Amino acid sequence: MTDAANELVMTRVFDAPRELVWRAFTDSDQFAAWFGPVGWSVPRETVDFDVRVGGHQRFTMVNDDDPAMTSPADGTFAEVVENELLVGYEEVKGMPGIEDGTRMTLRLEFHDEPGGKTRLELRQGPFPADWRSSAEGGWGSSFTKLDALLAR
């Protein structure tokens with residue numbers, strides 16, 4: 001994957017069973033309802049998932065204050081184990097500070113925790129050192145939105 005110096009590693013426990021957390025990452029309707037840091041949204045019509053090895057994950061984040069500001073994503077699934085593991089990658093193009101053609105990898109592991117909870121382990125990179133804290137903040141605020149969705 002990437003070396004630890006340029007990789008974001010996060011763990012988050014969600015108060016929901018693993019199958020529900022998995023679905024939030026793999027169901028287009030649910031993903032559109034929570035993904036993106038506060039101040040950004042993902043219009044449902046931009047989301048297209050084919051969750052299988054070799055399948056794709058496409059969506060566009062849109063800035064809530066300036067809809068002309070967008071961040072499209074077009075990734076490929078490299079590993080899929082239902083309710084356990086999602087690994088995907090995207091070839092970076094046009095991101096300041098990251099060389100075009102760099103393979104950005106995202107690994108999500110879903111683990112059962114006592115009380116019907118789920119521990120998510122996330123690894124993503126490579127990031128320039130000055131990007132990691134922004135990426136962590138973005139995931140953190142997205143996860144706050146996911147907590148609210150899972151509580152419904």
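The points below cover the fold, the aromatic pairs and the charged contacts.

1. The model is predicted. Its chain contains three helices and eight strands, and these follow one another in the order β-α-α-β-β-β-β-β-β-β-α. With a radius of gyration of 15 Å, close to the 15 Å given by the globule rule for 152 residues, the chain is as compact as a globular protein of that length.

2. Extent and surface. The C-alpha trace spans about 45 × 35 × 30 Å along its principal axes. Of the 152 residues, 42% count as buried. Among contacts with a separation of 6 or more, 49% are between residues 24 or more positions apart.

3. Aromatic pairs. The whole structure holds 13 aromatic pairs. One of them joins Phe31 and Phe49 edge-to-face, at 5.0 Å centre to centre and with 70° between the planes. Phe31 belongs to helix 2 (residues 28–34) and Phe49 to strand 3 (residues 48–49), so this pair ties together parts 18 residues apart in sequence. Phe31 and Phe49 are both buried.

4. Aromatic cluster. Phe31 and Phe49 are also members of a cluster linked by ring pairs.

5. Arg18 and Asp112. Twelve salt bridges are found in the whole structure. In the one between Arg18 and Asp112, the closest N and O atoms are 3.0 Å apart. It links distant parts of the chain, with Arg18 in helix 1 (residues 18–26) and Asp112 in strand 7 (residues 103–113), 94 residues apart. Arg18 is buried at a relative accessible area of 16%, whereas Asp112 is partly exposed at 48%.

6. Arg103 and its partners. Arg103 forms a salt bridge with Glu91, and their closest N and O atoms are 3.3 Å apart. Glu91 lies in strand 6 (residues 85–91) and Arg103 in strand 7, twelve residues apart. Both are partly exposed, Glu91 at 32% relative accessibility and Arg103 at 44%. The charged end of Arg103 also sits over the ring of Tyr89, 3.6 Å from its centre.

7. Other charged contacts. Arg119 and Glu121 form a salt bridge whose closest N and O atoms are 2.9 Å apart. Glu121 counts as partly exposed at 26% relative accessibility, as does Arg119 at 21%. Elsewhere, a network of salt bridges links Asp48, Arg58 and Asp74.

Terms used
Residues numbered from 1 in each chain as written. Predicted model: local features only at pLDDT ≥ 70, side-chain atom pairs only at ≥ 80, totals over all residues. Heavy atoms only, no water. Phe/Tyr/Trp six-rings, centres within 6.5 Å; stacked < 30°, edge-to-face > 60°. Helix = DSSP H or I, 4+ residues; strand = E, 2+ residues; numbered from the N terminus. Buried < 20%, exposed > 50% of the residue type's maximum accessible area, 1.4 Å probe, protein only. Lys NZ or Arg CZ within 6 Å of the ring centre and 35° of its normal. Rg over C-alpha atoms; globule rule 2.2 N^0.38 Å. Contact = heavy atoms within 4.5 Å. Salt bridge = Lys/Arg side-chain N within 4 Å of Asp/Glu carboxyl O.
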